[in-house]
Amino acid sequence: MSGAPLIGIDVLELGELDRLCERPWFLRHCFAEEELVRAGQLGAGRRREFLAGRFAAKEAVLKVLGTGLLRGIAPREIAVGQDPTGRPALRLHGRAAARAAELGLAGAAVSIAHKRRAVTAVAVGRLDPPAPPAAAPAPPAAGPVTPAGPATRSDRAERPARSARPDLADPEELRMDRPPATPPHAAQPHPAPETTTEANPARPDEPPVVARLRLRLGQEDAHYGGGLVPGARLLGLFGDLITEITIRTDGDEGLLSEYSAVRFTAPCRPGDYLELTARLVRRTRLRRVVEFEAYKVIAARPERSSSAAEVLAEPLLVCTATATAVVPPPARARRTARTGPAGAVASADLATSTISVGSSR
């Protein structure tokens, strides 16, 4: 709709990009040089908020441009700076600027908000108004009425010739509302095939797959001196979350193949309440890669009394990890692999992987 605003909204969880922001390739791909310079001047906590807010703003702008991530425009081609008053200011270049010109974008504004662990960005684009229609030619001045008669040579010179053929009609009429008709025998042009660089073009608009779990650690979870809960307990909970994700994406519990990049950042004890989050970050034909975070939101305080506990003002990160699960191939692929041309059963089958940490999935 010409002249209507284009709106994009994105919401992130603070800490969602922590692991990615440790990787130089991700920073180079997502952030413009001036944004990285600005982030390097901030403390660790403020830098975390700054990068998360800028990334959310870029995703919101990509939605205004009608593309989204991994569809031809790199986030670094959208730079979010500040104007003299401190408000976020957009600068588009490269493919982002070309897409804005293609849409007829006259301008765009972005707003970023932080609330505890939530980061929100809203982008609004304004399209160029449609060009006003050309004014109709003024009617000729009234003059003496003369009887109709055959046109003279001077009459024909003064009146523009009008052709019944659309391709010879007045150019202004063609531009406004009389496009030339395609002759019936002319070949119809084929529409250009759509191309995409989406990592998973079969699911370009699929929302992120996230699973969450909240629970209280009991006395039975303690194993070490001082009432410490072993890290294997958290990995077992992560295993439950990745199982939920593979059920939701593939209709199968799958098999846990490996854990990687496991980091324990704070101890857990009986009486603590934990919030665990799992997010699907990559999928191949047979593998699903999931990243995990576990936060302590309520802490037991046995030093005060045997039943004392405290709600933490800021959730405390206790563990992060990445895991890979193997899922069966699609049913059609399984039938093809098992049955040969004559119905013979193939000898190969899907290989399984053992679980590397205790009995957790």
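Begin by selecting Ser 111, which is placed in strand β4 (residues 105-115); strands are DSSP runs of E with at least two residues, helices are runs of H or I with at least four, and both are numbered from the N terminus. This is a predicted model, in which local features need pLDDT of at least 70 and side-chain atom pairs count only at pLDDT 80 or more, while totals for chains, interfaces and linings use all residues. Residues are numbered from 1 along each chain as its sequence is written, and side-chain values use heavy atoms, with hydrogens and water left out.

Ser 111 has a relative accessible area of 45% and is therefore partly exposed (buried is under 20%, exposed over 50%, partly exposed in between, with a 1.4 Å probe and protein chains only). Apart from neighbours within four places in sequence, Ser 111 contacts Thr 120, Ala 121 and Val 122 (heavy atoms within 4.5 Å).

Next, turn to the aromatic rings. The structure holds 5 aromatic pairs (ring centres of Phe, Tyr or Trp, the latter by its six-membered ring, within 6.5 Å; planes under 30 degrees apart are stacked, over 60 edge-to-face, the rest tilted). Select Phe 26 and Phe 55, a tilted pair with 5.9 Å between centres and 35° between planes. Phe 26 lies in helix α1 (residues 24-30) and Phe 55 in helix α3 (residues 44-64), so this pair ties together parts 29 residues apart in sequence.

Then select Phe 238 and Phe 292: their ring centres are 4.6 Å apart and their planes at 15°, so the pair is stacked. Phe 238 is buried, at 0% relative accessible area, and Phe 292 is buried at 3%.
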